[in-house]
Amino acid sequence: MVHDEHIVGPAMSATFAAKRLPTELTEQMLRAGLVAFAAIHLGLASMMAFAPHAFYTAIGPFGSYNGHYIRDVASFYGAIAIAMALALRRPSWRVPVLALVTLQYALHSVNHLIDIGKAHPAWTGYATFAALAGATLLLAWLTSLAAAQPDPLSPP
């Protein structure tokens, strides 16, 4: 049996379609999100690379200090910043880059949830987890916005 209706039904589909944002507004929000997250990642990468102990003390006080590993993580954050900056001019990169960063943030959030009580002072464990979980949700939303945009590589 062939179904011509969308799985959520015509009334529900019309409701979702009516709530779609104008393309220009969506583009502005995507660009703002990419710029903001690229800047945040560049800032984190810079702090980790050039002041790893300050990063450890202020943001990542879990376990023993190891400057080498903090600088290793800085290279990942720097790569994320560059990829997000490139996605500003390459719309076809947006969904893959945002999806990958969302996945990384989700896994990073789980890691912080597991170690939530091991930070010193203890409140930083909870604050860091909340920040990562919130960023994960924001990144997921940006990914959904990018995925809803017309495919820049397909012909008009």
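**Helices and aromatic pairs**

Tutor: Read along the sequence, the protein follows the pattern α-α-α-α-α-α, with 6 helices and 0 strands, where helices (H or I, at least four residues) and strands (E, at least two) are DSSP runs numbered from the N terminus. This is a predicted model, in which local features need pLDDT of at least 70 and side-chain atom pairs count only at pLDDT 80 or more, while totals for chains, interfaces and linings use all residues. Residues are numbered from 1 along each chain as its sequence is written, and side-chain values use heavy atoms, leaving out hydrogens and water.

Student: What makes Phe 37 and Tyr 105 an aromatic pair that is edge-to-face?

Tutor: Rings of Phe, Tyr and Trp (its six-membered ring) pair if their centres lie within 6.5 Å, and planes under 30 degrees apart count as stacked, over 60 as edge-to-face and the rest as tilted. For Phe 37 and Tyr 105 the values are 6.3 Å centre to centre and 85 degrees between the planes, so the pair is edge-to-face. The pair links distant parts of the chain, with Phe 37 in helix H2 (residues 23-50) and Tyr 105 in helix H5 (residues 91-114), 68 residues apart.

Student: Why is Phe 37 called buried?

Tutor: Buried means under 20% relative accessible area, exposed over 50%, and partly exposed in between (1.4 Å probe, protein chains only). Phe 37 has 6% relative accessibility and therefore counts as buried, and Tyr 105 is buried with a relative accessible area of 5%.

Student: How do you know whether Tyr 65 is buried or partly exposed?

Tutor: Tyr 65 has a relative accessible area of 36%, so it is partly exposed, whereas Tyr 56, at 17%, is buried.
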